[in-house]
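Q: Please take a close look at a single part of this structure, the place where its two chains meet, and describe it for a reader new to it.

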Amino acid sequence: MSKANLLDRRAVVGSLLADRKNAIAVGGLGASTYDIAAAGDHDRNFYLWGAMGGAVMIGLGIALAQPELPVVVITGDGEMLMGMGSLATVGLQKPGNLTIVVLDNEVYGETGGQASHTAATVDLVGVASSCGIADARPLSTMAEIEAFAQAMQDVRSGPRFVSVKIDSANLERVLSSRDGQYTVTRIRGALGFGPI
Amino acid sequence: MHARTDAPSETASSWPEDIFSILQRFEVRQVPYVPDAGHSQLIERVLGASSMRAVPLTTEEEGVALLAGAWAGGQRGVLLMQSSGVGNCVNMLSLTQIFRFPFLTLVTMRGEWGEFNPWQVPMGSSTQAVFELSGIKVLRASHPGEVREVVEAAAGQAYNACTPTAVLLSQRLIGAKVFTK
């Protein structure tokens, strides 16, 4: 059941990646990976089908290795809650090219819609801010999303963290490749790195 | 002369230097760590190295994910942790099989060789088995003189053959932690 004033996750991710240029996109376990796939397969997409809680750290590893490229981690509230300590690690490293987007539907949609902590108590923007990520804010309109898509191209002014409250409706799954070696080899190839 | 030529006090400063020079030679760039007394000298060297990025973690599993990202971005890394942290990594170690990336971790052992603190013993006792169940090759160094060749072999098979490898640095090498009031 749709609530008023909540954004559509596919529209949000589609807008964030519409003019991505050289950006690398990391999708957290679950619906976020489907959203990135729905926006269009790309050789710089890093799809996660497991490793819950690891999306931000994978993004940090890429961001530190490629400081001139925008890196955007797009994940859900449940995945972010499991890796909340990684926000402290990012806050310490302060990579200017890293952006973290949490699509917050306040439920664990992949497992039956159980309520997540953000439905009742946890303010992830506050957590990110407290961890030293100075540019941390909620986004609530598509106009804000479009403006943010431009801002995340700036590789000097991050790290940034945004939380977007989205509709909790389960959408049709858009399945990306599940082959991790393929995914990583493809990204490495796009960056000019060959196999061993 | 005392029979124990491996007493930590005699050679404590040389083997971390051996490790540091191997990491430099293999062009290791990202060094995530959870602090441990046994790694303190190496961590200091990494923090002072312009070619390396030291990344303090809140929990060890973050480091496994970081190294997967580093590899996707074209860099090598090494995870420094204590044996108690290995248990924190278990699910994230899946990434070493999923991505077949060059995973190397150097683990200082607790819970063995004159351990004072019983709370270290359960995880220290299962560290090697946990790695092996997770598909990670395990090498061990117990004496200062063998650290160089063991870490060199581990780095070689990890970085050249993408064979995920852990080196256990024995408590016998590091010296049991002394608790005084």
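A: At 5% relative accessibility, Phe99(B) counts as buried (under 20% relative accessible area, with a 1.4 Å probe and protein chains only). Phe99(B) forms an edge-to-face aromatic pair with Phe46(A), 5.3 Å centre to centre and with 80 degrees between the planes; rings of Phe, Tyr and Trp (its six-membered ring) pair if their centres lie within 6.5 Å, and planes over 60 degrees apart count as edge-to-face. Phe46(A) lies in strand 2 of chain A and Phe99(B) in helix 6 of chain B, so the pair joins two chains. Helices (H or I, at least four residues) and strands (E, at least two) are DSSP runs, numbered from the N terminus. Phe46(A) is likewise buried, at 0% relative accessibility.

This is a predicted model, in which local features need pLDDT of at least 70 and side-chain atom pairs count only at pLDDT 80 or more, while totals for chains, interfaces and linings use all residues. Residues are numbered from 1 along each chain as its sequence is written, chains are lettered from A and ligands numbered from 1 in the order in which they are written, and side-chain values use heavy atoms, without hydrogens and water.

The contact (heavy atoms within 4.5 Å) takes 28 residues from chain A and 27 residues from chain B. Across this interface the rule finds zero salt bridges, a salt bridge being a side-chain nitrogen of Lys or Arg within 4 Å of a carboxyl oxygen of Asp or Glu. On the side of chain B that touches chain A, the elements that give two or more residues are strand 2 (53-56), helix 4 (61-72), helix 6 (94-99) and helix 8 (144-161). Helix 4 of chain B gives the most, with seven residues.

Note on methods: Phe/Tyr/Trp six-rings, centres within 6.5 Å; stacked < 30°, edge-to-face > 60°. Buried < 20%, exposed > 50% of the residue type's maximum accessible area, 1.4 Å probe, protein only.
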